[in-house]
Amino acid sequence: QVYLVESGGGLVPPGGSLRLSCQASGLSLDYYAIGWFRQAPGKEREGISCISSSSGSTYYADFVKGRFTISRDVAKSTVYLQMDNLEPEDTGVYYCAAVPERLTGSGYECYVNQRDSDYWGQGTQVTVSS
């Protein structure tokens, strides 16, 4: 059975940092791309970032580029989301999920499509406030 479990959320002031973890069990990061999503209060869930399976290539939504960094430790079956220079608008529940990939000229690349994503975690709350 496949489980994804998020951790690392909390309360931080604007400009602060957090590192979220997504611990996977029942699947290998060599074969599954993992993505991060978030849902702010009163808003729809949106895709943030993902990391591909075989190549480890990454994708970032424009609103987190330069502030968030996704990485993984395949041996630990864990994907991380380092979040720096956090803003109040980053407040929300953060989820990880197995996301789809497509074959391009550069190899397999992931994309954060919610409809085609699976094995959602329970989420971890991130609150950015002074």
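Phe-37 has 0% relative accessibility and so counts as buried (under 20% relative accessible area, with exposed over 50% and partly exposed in between, using a 1.4 Å probe and protein chains only). The model is predicted, so local features need pLDDT of at least 70 and side-chain atom pairs count only at pLDDT 80 or more, while totals for chains, interfaces and linings use all residues. Residues are numbered from 1 along each chain as its sequence is written, and side-chain values use heavy atoms, leaving out hydrogens and water.

Buried residues make up 42% of its 130 residues.

Turning to the aromatic side chains, a search of the whole structure finds three pairs (rings of Phe, Tyr and Trp, the last by its six-membered ring, with centres within 6.5 Å; planes under 30 degrees apart are stacked, over 60 edge-to-face and the rest tilted). In one of them, Tyr-32 and Tyr-119 have ring centres 6.3 Å apart and planes at 70°, so the pair is edge-to-face. Tyr-32 sits in the loop between β3 (18–25) and β4 (33–39) and Tyr-119 in the loop between β11 (107–110) and β12 (124–128), so this pair ties together parts 87 residues apart in sequence. Tyr-119, at 30% relative accessibility, counts as partly exposed.

For Phe-37 and Trp-120, the centres lie 4.6 Å apart with planes at 50°, so the pair is tilted. Phe-37 belongs to strand β4 and Trp-120 to the loop between β11 and β12, so parts 83 residues apart in sequence are tied together. Ring pairs link Phe-37 and Trp-120 with Tyr-95 into a cluster.

Terms used: Helix = DSSP H or I, 4+ residues; strand = E, 2+ residues; numbered from the N terminus.
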